Amino acid sequence: MFYLHGAGVGAGIAIGPAYVIQQSVVGAAVRRVDSEQIDDEIQRLDRALLNTSKSLEKTRGEVPESAPKEIAAFLDAHILMVNDPMLRDATVEIIRENCFCAESALTMHRNQLAEIFEEMEDDYLRSKKDDVDQVIQQIHHQMLLQDDADGPDMDNNLDGAILVAHDLTPADTVQFMKMRMGAFVTNLGSPISHVAILANSLKIPAVVGLHGAVRHIAHGTTIAVDAGTGSVIVDPDQETLDELIARRAEHERRHDELLAFKDQEPITLDRERIALLANVELREDVEHALHCGAMGVGLYRTEYLFMNRVHLPAEEEQFQDYAHVVKSLKQVTIRTLDLGADKQVDGGRKQGKVAINPALGLRAVRFCLRSVGTFRSQLRAIYRASAFGEVQCMIPMLSNLDELKQVLSIIDEVKRQLDSENVVYDPSVKVGGMIEVPAAAITADQFAQELDFLSIGTNDLIQYTLAIDRVDDEVNYLYDPLHSSILRLVKNVIDAGNKHGKPVSLCGEMASDVIYTRLLLGLGLRIFSMDPGAIPEIKQVVRTSDAGKAAPLVDRIMACSDSAVREGLLQTLNEQGASAAAHT
Amino acid sequence: MNVLGLHARASSEVVRAASRFESKVWLSNSARQVNAKSIMGVMMLAATQGTTLQLRTEGADESEAFSAMEEVFNNRFGEDE
């Protein structure tokens with residue numbers, strides 16, 4: 001048994017067999033076999049091909065109806081590739097001619113195919129090379145499993161398994177979404193990277209940023225993931241296992257206990273009404289949001305609809321998803337496409353010209369103003385969905401008023417178009433913006449005059465203001481929501497909203513963390529939007545907090561330039577209500 | 001030839017249809033000839049809209065195979081666009 005440490009994401013403890021995703025073995029050295037072993041190698045190959053096919057077919061059978069059609073199509077193509085007679089025949093020939101082991105022959109065949117695909121002029125077909133790589137990787141993986149005779153038969157039962165990988169792209173996590181993994185463990189990543197956000201959304205714990213330690217985890221080993229401490233316990237002994245199981249049970253019991261209070265109102269001790277809303281990504285999140293007592297959706301991230309697929313979703317498909325969420329949750333703030341940075345559309349993969357720093361590049365509203373057709377379709381879908389409930393439209397990454405004016409004029413066009421088509425929509429849909437770029441946070445009063453509401457996106461605001469890359473775990477240690485600059489900016493936005501009578505919400509990870517709740521209340525925040533699973537605990541803190549009494553201490557924290565002293569003051573703030581809590 | 005050319009979903013249809021038959025099924029363009037039962041082969045044909053492909057079948061059920069393949073192409077692979 002040994003421990004590995006990283007950054008914990010989400011909450012809770014998961015225990016299960018490690019499902020390790022190997023990196024491509026494309027660069028592996030060639031291994032030769034004796035001529036007598038050739039037939040054995042061919043048999044190994046055939047077995048691996050058969051098992052890979054079975055595994056893919058099983059996954060294919062489990063793709064839910066609501067998943068984008070492209071996922072099923074992409075799996076079907078992979079199944080055909082694995083069963084392709086040419087793949088097998090060519091690889092067998094390489095084994096025979098060169099006395100290669102099966103893996104090396106497979107790699108060589110893959111390289112041959114790669115060359116052919118590279119030559120193709122059609123971007124789409126050239127991108128099929130990645131499919132070939134994925135399939136070959138899966139076959140390699142099967143061979144590894146076969147050799148480990150004592151290993152558990154992982155592919156037949158992924159329930160509760162813990163995904164272990166070097167990194168997971170947002171698209172990967174969507175792919176694994178339906179496999180009921182117990183937890184994620186990755187080398188790369190930070191608590192605010194998209195993998196982390198998705199782990200939260202799936203309600204499972206994760207530990208990220210292990211920096212290479214992942215290689216110490218063997219496929220099939222029992223591991224435990226403790227998000228609270230950010231540890232991964234590999235092959236725990238019985239005593240440790242018992243302790244973990246007990247703690248896990250305790251955590252679940254406490255969570256259920258809090259859920260029992262879901263109908264209680266989030267009101268502070270000084271009778272301030274607080275709105276606790278949910279952040280959702282997928283239409284499946286709706287049930288969880290309702291279950292946790294969310295009063296509405298403060299942030300509906302629409303990007304997931306656009307990921308892991310070849311063709312952008314048409315207006316109708318978007319409309320169906322938005323309408324479903326609006327019907328279920330009544331008050332929904334839909335954020336327009338925030339693509340770019342660490343969320344790339346797979347189908348739009350470009351060969352070559354990739355922005356050096358996508359976080360600062362053409363993404364979100366900038367991308368939408370460049371691809372007006374796509375933007376209009378989305379806006380139409382959003383406005384049509386407004387017929388079913390109270391919808392707000394939110395624009396991400398606003399940085400200047402000119403682009404806002406352009407957006408508003410496009411929205412006007414869309415409304416006039418819908419009018420001319422006699423399509424029903426709510427004409428009073430409010431249009432607001434994400435305040436996440438420092439430029440917008442500093443000039444919040446100008447934005448507050450032009451928008452109906454503001455939403456502070458602390459994840460990106462902190463990234464941009466402190467100049468740290470959200471997904472670079474080398475500089476994670478600098479991520480400090482208590483930094484004076486951040487607190488001042490947050491306060492500035494809240495004040496600007498108050499001055500112009502526009503509601504201000506906060507939808508970054510800060511909203512879901514109990515240690516900042518009272519601080520945010522003290523800064524004047526009254527609307528929080530978070531991962532649904534966090535709502536019960538935040539509600540409890542709200543009910544035991546006095547927003548008015550918190551304000552002076554919050555001012556002191558803001559004025560303090562010493563990070564250690566700040567943390568101490570925050571602790572004092574959080575313990576302030578302890579005696580009050582004892583009386584409720 | 002359908003709008004998207006021979007893309008993944010379309011290629012899958014072609015391969016599935018061809019694989020139903022005992023006969024050999026060949027598809028060729030001006031540059032190469034491929035086994036229509038091989039998805040890699042069909043994809044490598046990289047047929048884009050407007051290309052002319054030649055179909056050839058050979059074997060016990062060659063005429064059924066031929067008509068079935070023709071039908072797949074004529075139906076434009078059931079693409080939405």
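Helix H8 of chain A gives the lining of the second largest pocket its largest share, nine residues. The model is predicted. In this model, the second largest pocket holds about 1,500 Å³ of space. Its lining comprises 50 residues. Nearest the centre of the pocket lie Val9(A), Gly10(A), Ala11(A), Gly12(A) and Asn200(A). Several elements of chain A give two or more residues each to this lining. Two are strands, S2 (7-9) and S3 (13-20). The others are helices: H7 (194-201), H8 (238-259), H18 (514-522), H19 (535-543) and H21 (563-576). By class, 23 of the lining residues are nonpolar, 13 are polar and 14 are charged.

Confidence was then examined along chain A. The mean pLDDT of this chain is 83. A value of 70 or more is reached by 85% of its residues. Over residues 24-28 of chain A, the pLDDT falls below 50. This stretch has six contacts in the model beyond near neighbours in sequence. Residues 579-584 of chain A also have a pLDDT below 50. For that stretch, three contacts beyond near neighbours in sequence are found in the model. Where pLDDT is low, predicted coordinates should not be read in detail.

Phe74(A) was considered next. This residue sits in helix H2, which spans residues 69-82 of chain A. Buried residues have under 20% and exposed residues over 50%. In sequence, Phe74(A) and Arg60(A) are 14 residues apart. In space, 9.4 Å separates the two, C-alpha to C-alpha.

Chain B has 81 residues. The chain contains three helices and three strands. Along the sequence, these elements follow the pattern α-β-β-α-β-α. Buried residues account for 51% of chain B. Contacts between residues at least 6 apart in sequence were also sorted by separation in chain B. Of these, 64% join residues at least 24 apart. The accessible surface of chain B amounts to about 4,100 Å². Carbon and sulfur atoms contribute 42% of that surface.

Technical notes: Residues numbered from 1 in each chain as written. Chains lettered and ligands numbered in written order. Predicted model: local features only at pLDDT ≥ 70, side-chain atom pairs only at ≥ 80, totals over all residues. Heavy atoms only, no water. 1 Å grid on protein atoms, 1.4 Å probe; cavity = no way out; pocket = protein on both sides within 12 Å on 5 of 7 lines; lining within 4 Å. Points joined across faces, edges and corners; volume = space filled by probe spheres on them. Helix = DSSP H or I, 4+ residues; strand = E, 2+ residues; numbered from the N terminus. Nonpolar A, V, L, I, M, F, W, Y, C, P; charged D, E, K, R; others polar. Buried < 20%, exposed > 50% of the residue type's maximum accessible area, 1.4 Å probe, protein only. Contact = heavy atoms within 4.5 Å. Areas by Shrake-Rupley, 256 points an atom, 1.4 Å probe, with all protein chains shown as cover. pLDDT = per-residue confidence, 0-100.
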